[in-house]
Amino acid sequence: MNLMWAAVGAVVGLMAGAALRGTVFRLSVASGDPERTACPRCSAPAQRRLAVRCGGCRRSLGIPLALELCTALVLALLLGRFGGQPDVVAFGFLGVVGVALAAIDIAVQRLPDPLTLPAYPILITLLTGAAIAGHDFAALLRALLGGLSLAGAYLLLALVRPGQLGGGDIKLAGVAGLALGWLGWPILIAGAALGFVLSAMASLALLAARRVTLHGAICFGPFLLGGALLAMLAGGR
Ligand SMILES: [Zn+2]
(Lines give C-alpha, C1' and ligand atoms only; values in the text may rest on other atoms or scores of the structure.)
Protein backbone atom coordinates (compact mmCIF):
# COMPACT_ATOMS: atom_id res chain seq x y z
CA MET A 1 0.00 0.00 0.00
CA ASN A 2 1.53 3.28 -1.16
CA LEU A 3 0.42 6.03 1.26
CA MET A 4 1.10 8.90 -1.14
CA TRP A 5 -1.18 7.34 -3.74
CA ALA A 6 -3.75 6.47 -1.06
CA ALA A 7 -3.88 10.14 -0.02
CA VAL A 8 -4.35 11.18 -3.66
CA GLY A 9 -7.14 8.60 -3.93
CA ALA A 10 -8.87 9.93 -0.80
CA VAL A 11 -8.88 13.51 -2.12
CA VAL A 12 -10.03 12.51 -5.63
CA GLY A 13 -12.64 10.23 -4.02
CA LEU A 14 -14.08 13.03 -1.89
CA MET A 15 -14.55 15.19 -5.00
CA ALA A 16 -15.89 12.29 -7.10
CA GLY A 17 -18.33 11.37 -4.32
CA ALA A 18 -19.65 14.94 -4.19
CA ALA A 19 -20.01 14.95 -7.98
CA LEU A 20 -21.92 11.64 -7.84
CA ARG A 21 -24.51 12.93 -5.39
CA GLY A 22 -26.75 14.43 -8.10
CA THR A 23 -26.55 11.29 -10.28
CA VAL A 24 -27.37 8.96 -7.37
CA PHE A 25 -30.33 11.17 -6.40
CA ARG A 26 -31.61 11.29 -9.99
CA LEU A 27 -31.38 7.49 -10.53
CA SER A 28 -32.67 6.36 -7.09
CA VAL A 29 -36.17 5.58 -8.39
CA ALA A 30 -38.17 2.36 -8.66
CA SER A 31 -37.84 0.36 -11.87
CA GLY A 32 -39.81 1.96 -14.69
CA ASP A 33 -40.26 5.29 -12.89
CA PRO A 34 -38.91 8.46 -14.52
CA GLU A 35 -35.65 9.89 -13.13
CA ARG A 36 -36.09 12.11 -10.07
CA THR A 37 -35.73 15.74 -11.04
CA ALA A 38 -37.34 17.45 -8.05
CA CYS A 39 -36.95 17.49 -4.28
CA PRO A 40 -39.30 14.88 -2.70
CA ARG A 41 -40.29 17.33 0.07
CA CYS A 42 -40.83 20.73 -1.60
CA SER A 43 -40.81 19.77 -5.32
CA ALA A 44 -38.14 22.38 -6.10
CA PRO A 45 -36.18 21.29 -9.22
CA ALA A 46 -32.96 19.45 -8.23
CA GLN A 47 -29.64 20.51 -9.73
CA ARG A 48 -28.07 17.92 -12.01
CA ARG A 49 -24.67 17.93 -10.32
CA LEU A 50 -23.06 18.82 -7.00
CA ALA A 51 -26.47 18.91 -5.30
CA VAL A 52 -25.77 18.32 -1.60
CA ARG A 53 -28.89 20.14 -0.41
CA CYS A 54 -32.19 21.05 -2.01
CA GLY A 55 -32.07 24.65 -3.26
CA GLY A 56 -35.65 25.22 -2.06
CA CYS A 57 -36.08 23.73 1.43
CA ARG A 58 -32.34 23.01 2.21
CA ARG A 59 -33.17 19.35 2.88
CA SER A 60 -30.09 17.13 2.48
CA LEU A 61 -30.31 14.89 -0.61
CA GLY A 62 -29.26 11.54 0.84
CA ILE A 63 -27.18 10.90 3.96
CA PRO A 64 -24.71 13.80 4.36
CA LEU A 65 -21.10 12.83 3.49
CA ALA A 66 -21.87 9.07 3.14
CA LEU A 67 -21.21 9.01 -0.62
CA GLU A 68 -18.17 11.27 -0.33
CA LEU A 69 -16.55 9.21 2.46
CA CYS A 70 -17.30 5.84 0.81
CA THR A 71 -15.84 7.00 -2.51
CA ALA A 72 -12.80 8.45 -0.69
CA LEU A 73 -12.21 5.11 1.12
CA VAL A 74 -12.62 2.99 -2.03
CA LEU A 75 -10.33 5.21 -4.12
CA ALA A 76 -7.74 5.45 -1.32
CA LEU A 77 -7.59 1.63 -1.21
CA LEU A 78 -7.50 1.22 -5.01
CA LEU A 79 -4.96 3.97 -5.69
CA GLY A 80 -2.88 2.89 -2.69
CA ARG A 81 -2.74 -0.59 -4.21
CA PHE A 82 -2.52 0.16 -7.95
CA GLY A 83 -1.15 3.74 -8.03
CA GLY A 84 1.56 4.19 -10.67
CA GLN A 85 0.40 1.17 -12.71
CA PRO A 86 -1.20 1.54 -16.16
CA ASP A 87 -4.48 -0.02 -14.93
CA VAL A 88 -5.03 2.44 -12.05
CA VAL A 89 -7.34 4.75 -14.04
CA ALA A 90 -9.59 1.85 -15.09
CA PHE A 91 -9.83 0.56 -11.52
CA GLY A 92 -10.43 4.06 -10.13
CA PHE A 93 -13.26 4.55 -12.62
CA LEU A 94 -14.83 1.22 -11.59
CA GLY A 95 -14.48 2.21 -7.92
CA VAL A 96 -16.38 5.48 -8.44
CA VAL A 97 -19.16 3.91 -10.55
CA GLY A 98 -19.32 1.00 -8.09
CA VAL A 99 -19.97 3.27 -5.08
CA ALA A 100 -22.78 5.05 -6.99
CA LEU A 101 -24.35 1.74 -8.03
CA ALA A 102 -24.10 0.28 -4.52
CA ALA A 103 -25.74 3.41 -3.06
CA ILE A 104 -28.65 3.21 -5.54
CA ASP A 105 -29.04 -0.57 -5.02
CA ILE A 106 -29.24 -0.08 -1.23
CA ALA A 107 -31.78 2.75 -1.66
CA VAL A 108 -34.13 1.26 -4.26
CA GLN A 109 -32.92 -2.36 -4.89
CA ARG A 110 -31.92 -1.87 -8.49
CA LEU A 111 -28.84 -1.23 -10.60
CA PRO A 112 -29.89 1.26 -13.29
CA ASP A 113 -28.81 0.67 -16.89
CA PRO A 114 -27.89 4.35 -17.49
CA LEU A 115 -24.97 3.77 -15.10
CA THR A 116 -24.09 0.10 -15.74
CA LEU A 117 -24.20 -0.04 -19.54
CA PRO A 118 -21.90 2.95 -20.31
CA ALA A 119 -19.40 1.44 -17.84
CA TYR A 120 -18.68 -1.36 -20.38
CA PRO A 121 -17.25 0.78 -23.23
CA ILE A 122 -15.51 3.16 -20.80
CA LEU A 123 -13.85 0.37 -18.79
CA ILE A 124 -12.86 -1.54 -21.95
CA THR A 125 -11.35 1.66 -23.42
CA LEU A 126 -9.38 2.37 -20.22
CA LEU A 127 -8.15 -1.24 -20.04
CA THR A 128 -7.15 -1.09 -23.72
CA GLY A 129 -5.11 2.03 -22.89
CA ALA A 130 -3.52 0.15 -19.97
CA ALA A 131 -2.76 -2.82 -22.26
CA ILE A 132 -1.04 -0.53 -24.78
CA ALA A 133 0.92 1.30 -22.04
CA GLY A 134 1.96 -1.93 -20.33
CA HIS A 135 2.36 -4.05 -23.51
CA ASP A 136 0.02 -6.60 -21.95
CA PHE A 137 -2.56 -7.72 -24.49
CA ALA A 138 -2.95 -11.11 -22.80
CA ALA A 139 -4.45 -9.26 -19.81
CA LEU A 140 -6.86 -7.38 -22.08
CA LEU A 141 -8.05 -10.60 -23.72
CA ARG A 142 -8.42 -12.18 -20.26
CA ALA A 143 -10.43 -9.12 -19.10
CA LEU A 144 -12.88 -9.50 -22.02
CA LEU A 145 -13.23 -13.24 -21.40
CA GLY A 146 -13.57 -12.58 -17.66
CA GLY A 147 -16.43 -10.13 -18.22
CA LEU A 148 -18.20 -12.62 -20.50
CA SER A 149 -17.63 -15.51 -18.07
CA LEU A 150 -18.89 -13.72 -14.97
CA ALA A 151 -21.96 -12.29 -16.72
CA GLY A 152 -22.62 -15.77 -18.17
CA ALA A 153 -22.25 -17.44 -14.77
CA TYR A 154 -24.68 -14.96 -13.19
CA LEU A 155 -27.13 -15.47 -16.06
CA LEU A 156 -27.03 -19.24 -15.45
CA LEU A 157 -27.55 -18.72 -11.70
CA ALA A 158 -30.48 -16.39 -12.37
CA LEU A 159 -32.06 -19.01 -14.66
CA VAL A 160 -31.52 -21.83 -12.13
CA ARG A 161 -32.80 -19.86 -9.15
CA PRO A 162 -35.20 -17.19 -10.39
CA GLY A 163 -35.89 -14.29 -8.06
CA GLN A 164 -32.47 -14.29 -6.38
CA LEU A 165 -30.52 -12.31 -8.97
CA GLY A 166 -31.91 -9.58 -11.20
CA GLY A 167 -30.92 -8.41 -14.67
CA GLY A 168 -28.99 -5.53 -13.09
CA ASP A 169 -26.83 -8.02 -11.16
CA ILE A 170 -26.02 -9.93 -14.39
CA LYS A 171 -24.99 -6.73 -16.20
CA LEU A 172 -22.92 -5.53 -13.23
CA ALA A 173 -21.21 -8.95 -12.98
CA GLY A 174 -19.92 -8.43 -16.53
CA VAL A 175 -18.41 -5.06 -15.55
CA ALA A 176 -16.75 -6.49 -12.43
CA GLY A 177 -15.58 -9.49 -14.48
CA LEU A 178 -13.66 -7.18 -16.82
CA ALA A 179 -11.54 -5.80 -13.97
CA LEU A 180 -11.16 -9.14 -12.18
CA GLY A 181 -10.27 -10.95 -15.41
CA TRP A 182 -7.61 -8.32 -16.17
CA LEU A 183 -5.88 -9.30 -12.91
CA GLY A 184 -6.10 -13.06 -13.55
CA TRP A 185 -8.40 -16.08 -13.40
CA PRO A 186 -7.72 -16.93 -9.71
CA ILE A 187 -8.69 -13.34 -8.77
CA LEU A 188 -11.84 -13.56 -10.90
CA ILE A 189 -12.89 -16.74 -9.11
CA ALA A 190 -11.98 -15.34 -5.67
CA GLY A 191 -13.88 -12.09 -6.36
CA ALA A 192 -16.98 -13.92 -7.55
CA ALA A 193 -16.92 -16.30 -4.56
CA LEU A 194 -16.32 -13.47 -2.05
CA GLY A 195 -19.44 -11.69 -3.31
CA PHE A 196 -21.59 -14.67 -2.36
CA VAL A 197 -19.75 -15.17 0.97
CA LEU A 198 -20.28 -11.51 1.96
CA SER A 199 -23.94 -11.65 0.90
CA ALA A 200 -24.53 -14.86 2.89
CA MET A 201 -22.86 -13.37 5.98
CA ALA A 202 -25.00 -10.24 5.74
CA SER A 203 -28.18 -12.31 5.24
CA LEU A 204 -27.36 -14.43 8.31
CA ALA A 205 -26.67 -11.32 10.39
CA LEU A 206 -29.95 -9.72 9.27
CA LEU A 207 -31.84 -12.99 9.91
CA ALA A 208 -30.34 -13.18 13.40
CA ALA A 209 -31.37 -9.58 14.02
CA ARG A 210 -34.83 -10.48 12.57
CA ARG A 211 -34.53 -7.65 10.07
CA VAL A 212 -35.42 -9.88 7.09
CA THR A 213 -37.33 -13.14 6.62
CA LEU A 214 -35.76 -16.27 5.11
CA HIS A 215 -37.25 -15.52 1.69
CA GLY A 216 -36.89 -11.75 1.74
CA ALA A 217 -34.26 -10.84 -0.84
CA ILE A 218 -31.55 -8.32 0.02
CA CYS A 219 -29.83 -6.33 -2.71
CA PHE A 220 -26.82 -8.12 -4.16
CA GLY A 221 -24.94 -5.35 -5.98
CA PRO A 222 -22.99 -4.02 -2.97
CA PHE A 223 -21.76 -7.56 -2.15
CA LEU A 224 -20.81 -8.32 -5.74
CA LEU A 225 -18.80 -5.08 -5.81
CA GLY A 226 -17.39 -5.54 -2.30
CA GLY A 227 -16.20 -9.07 -3.13
CA ALA A 228 -14.56 -7.83 -6.33
CA LEU A 229 -12.85 -4.99 -4.43
CA LEU A 230 -11.46 -7.35 -1.76
CA ALA A 231 -10.14 -9.80 -4.36
CA MET A 232 -8.54 -6.97 -6.37
CA LEU A 233 -6.82 -5.52 -3.28
CA ALA A 234 -5.62 -8.90 -2.00
CA GLY A 235 -4.51 -10.42 -5.27
CA GLY A 236 -3.52 -7.58 -7.62
CA ARG A 237 -0.17 -7.70 -9.35
ZN1 LIG B 1 -36.75 20.80 -1.19
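## The salt bridge between Lys 171 and Asp 113

In this predicted model, Lys 171 and Asp 113 are joined through their side chains by a salt bridge, with an N to O distance of 2.8 Å. The two partners belong to distant parts of the chain: Lys 171 is in helix H6 (residues 167-183) and Asp 113 in helix H4 (residues 113-134), 58 residues apart.

## The contact of H4 with H6

The axes of H4 and H6 come within 9 Å and cross at roughly 15 degrees. Because angles under 35 degrees count as roughly parallel, H4 and H6 are roughly parallel to each other. Their crossing is left-handed.

On the H4 side, the contact includes Asp 113, Thr 116, Leu 117, Tyr 120 and Leu 123. On the H6 side, Ile 170, Lys 171, Leu 172, Val 175 and Trp 182 are among the residues involved. By class, the contact of H4 with H6 comprises 14 nonpolar, 2 polar and 2 charged residues.

## The contact of H3 with H6

Helix H6 also meets helix H3 (residues 88-108), the two axes coming within 12 Å and crossing at roughly 150 degrees. An angle over 145 degrees counts as roughly antiparallel, and H3 and H6 are therefore roughly antiparallel to each other. The crossing of H3 and H6 is left-handed.

From H3, the contact is made by Phe 91, Leu 94 and Leu 101; from H6, it is made by Leu 172, Val 175, Ala 179, Trp 182 and Leu 183. Which classes of residue make up the contact of H3 with H6? The residues divide into 8 nonpolar, no polar and no charged.

## Two further salt bridges

The search of the whole structure finds 3 salt bridges. One of them pairs Glu 68 with Arg 21, whose closest N and O atoms are 2.8 Å apart. Glu 68 lies in helix H2 (residues 66-82) and Arg 21 in helix H1 (residues 3-27), so this pair ties together parts that are 47 residues apart in sequence. Glu 68 counts as buried, at 6% relative accessibility, and Arg 21 is buried as well, with a relative accessible area of 3%.

A salt bridge is also formed by Arg 26 and Glu 35, with 2.9 Å between the closest N and O atoms.

## The contact of H2 with H8

Helix H2, which holds Glu 68, also meets helix H8 (residues 221-235): the axes of H2 and H8 come within 9 Å and cross at roughly 25 degrees. The two helices are therefore roughly parallel to each other. The crossing of H2 and H8 is left-handed.

Val 74, Leu 77, Leu 78, Arg 81 and Phe 82 of H2 make this contact with Leu 229, Met 232, Leu 233 and Gly 235 of H8. By class, the contact of H2 with H8 has 7 nonpolar residues, 1 polar and 1 charged.

## Residues in the loops

Gln 109 is placed in the loop between H3 and H4. Phi of Gln 109 is near 55 degrees, a positive value in a residue other than glycine. His 135, in the loop between H4 and H5, has a positive phi of about 50 degrees although it is not a glycine. At 70% relative accessibility, His 135 counts as exposed.

Gly 166 lies in the loop between helix H5 (137-160) and H6. With 30% relative accessibility, Gly 166 counts as partly exposed. How many Å separate the C-alpha atoms of Gly 166 and Cys 42? The separation is 33 Å, for residues that are 124 residues apart along the chain.

Notes
Residues numbered from 1 in each chain as written. Predicted model: local features only at pLDDT ≥ 70, side-chain atom pairs only at ≥ 80, totals over all residues. Heavy atoms only, no water. Salt bridge = Lys/Arg side-chain N within 4 Å of Asp/Glu carboxyl O. Helix = DSSP H or I, 4+ residues; strand = E, 2+ residues; numbered from the N terminus. Buried < 20%, exposed > 50% of the residue type's maximum accessible area, 1.4 Å probe, protein only. Axes fitted to C-alpha atoms, helices over the stretch in contact; angles between N-to-C directions. Parallel < 35°, antiparallel > 145°, perpendicular 65-115°, else oblique. Left-handed = near helix turned anticlockwise from the far one by under 90°. Contact = heavy atoms within 4.5 Å. Nonpolar A, V, L, I, M, F, W, Y, C, P; charged D, E, K, R; others polar.
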